[in-house]
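Work through the exercises below with the model open beside you. Try each task before reading its solution.

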Amino acid sequence: MRRRTALTAAALLFVAPGCGLTSGSPMVDDVRPGTIGRGEPLKGAELTVTSKSFTEQLILGAIMGIAFEAAGAEVLDRTGIQGSIGSREAVRKGDADAGYEYTGTAWITYLGRSEPITDPHEQWEAVRAADAKNGVSWLAPSALDNTYALAMNQENHKKYRTNDLSQVAALSKSDPAAVTLCVEVEFANRADGLPGMQKAYGMSVPTKNITQMDTGIIYTQVAKGSCTYGEVFTTDGRIKSMNLVVMDDDKHFFPNYNLAPMINTKTLKKWPAIPEVLDPITKKLNNTVARDLNAKVDVDGEDPHQVALDWMKAEGFVK
């Protein structure tokens with residue numbers, strides 16, 4: 001099996017305050033166009049791809065870079081930046097050319113808007129319009145929505161038969177002792193977390209029924225049934241590996257965090273073929289795909305770049 005030989009970007013990356021990205025490594029995958037990149041429309045381009053440091057972002061950064069390679073570009077890998085602001089600023093300033101980002105993060109964190117937009121496409125449209133003045137262009141979004149949710153194990157699902165948050169709210173009134181929650185400290189106190197969710201759905205879960213803990217522990221505690229419901233992220237691979245059932249946010253309370261390519265506008269003007277390379281890939285991404293790919297890394301211990309490459313080949317995007 002062919003693999004890249006470059007060191008991981010995480011080992012090479014250094015971000016100096018105020019100086020942008022100072023290092024990275026070339027992507028050297030031996031890939032050819034499949035269903036994307038035919039005619040090598042990016043031949044001659046030198047593109048830098050960036051991402052945040054968590055599993056999903058590392059995989060997505062690799063997917064984007066591999067797509068650019070197949071289309072003929074030379075790609076510098078500057079994925080794995082700690083926090084959200086670093087990768088965003090790299091694209092905005094031109095230290096990097098592109099990365100996958102989430103609409104909710106852009107709207108709330110980067111653009112400073114306090115009220116998310118309920119409709120996912122309208123949220124993307126608003127982000128695209130607002131960010132245009134910042135020299136950042138947003139391409140077509142995916143169905144992948146990495147937002148908050150509540151989840152339960154299969155045993156409790158069979159017992160209580162809840163499938164959405166309205167049903168959880170009803171259960172909290174008919175059988176208050178049944179609704180116990182495991183949540184992060186931040187989620188427990190954020191307006192777009194537990195307090196807002198309870199208000200939106202008319203829940204009133206007693207404080208004694210709410211346990212605050214670290215993110216990773218929540219999944220294991222929910223799987224064990226130590227709490228009936230736990231706060232999860234909708235694309236986390238542990239949802240699949242632990243066979244958890246995610247409650248539908250039927251009133252659309254939680255912000256939309258749909259994934260879309262974020263491109264430096266000058267780069268896009270220079271290389272207008274970028275959308276035709278990325279759009280088919282973005283269209284294929286959804287929560288099920290993300291959970292599968294994330295689980296290969298977080299549960300099975302595989303390398304994020306290899307997971308991305310295997311998926312790109314399995315989907316026929318590259319050869």
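**Exercise 1: a helix pair**

Thr103, Ala106 and Trp107 of helix α4 touch Gln123, Trp124, Ala126, Val127 and Ala130 of helix α5. This is a predicted model. Sort the contact residues of α4 and α5 by class, then describe how α4 and α5 pack.

Solution. 
- Step 1. Sort the contact residues: six are nonpolar, two are polar and none is charged.
- Step 2. Locate the helices: α4 covers residues 103-110, and α5 covers residues 120-131.
- Step 3. Read the geometry: the angle is about 50°, and the axes lie 9 Å apart.
- Step 4. Name the arrangement. Angles under 35 degrees count as roughly parallel, and 65 to 115 as roughly perpendicular. The helices α4 and α5 are therefore oblique to each other.

**Exercise 2: strand β5**

Is β5 largely enclosed or open? In which sense does β5 pair with β3, and in which with β4?

Solution. 
- Step 1. Check burial. Strand β5 spans residues 74-81, and six of its eight residues are buried, so β5 is largely enclosed by the rest of the structure.
- Step 2. Take β3, residues 25-26: this strand pairs with β5 in the antiparallel sense over two bridges. Ser25 has Asp77 of β5 as its bridge partner.
- Step 3. Take β4, residues 46-52: this strand runs parallel to β5, joined by six bridges. Glu46 stands opposite Glu74 of β5.

**Exercise 3: strand β8**

Which residues lie on each face of β8, and which partner strands does β8 have in β11 and β12?

Solution. 
- Step 1. Count burial: in β8, residues 148-152, five of five residues are buried.
- Step 2. Pair β8 with β11, residues 229-233: four bridges, antiparallel. Leu150 faces Glu231 of β11.
- Step 3. Pair β8 with β12, residues 245-246: two bridges, antiparallel. Met152 stands opposite Val245 of β12.

Terms used:
Residues are numbered from 1 along each chain as its sequence is written. This is a predicted model: local features need pLDDT of at least 70, side-chain atom pairs count only at pLDDT 80 or more; totals for chains, interfaces and linings use all residues. Side-chain values use heavy atoms; hydrogens and water are left out. Axes are lines fitted to C-alpha atoms, for helices over the stretch in contact, and angles run from 0 to 180 degrees between N-to-C directions. Angles under 35 degrees count as roughly parallel, over 145 as roughly antiparallel, 65 to 115 as roughly perpendicular and the rest as oblique. Contact means heavy atoms within 4.5 Å. Ala, Val, Leu, Ile, Met, Phe, Trp, Tyr, Cys and Pro count as nonpolar, Asp, Glu, Lys and Arg as charged, and the others, Gly among them, as polar. Buried means under 20% relative accessible area, exposed over 50%, partly exposed in between (1.4 Å probe, protein chains only). Two strands pair if DSSP finds at least two bridges between them.
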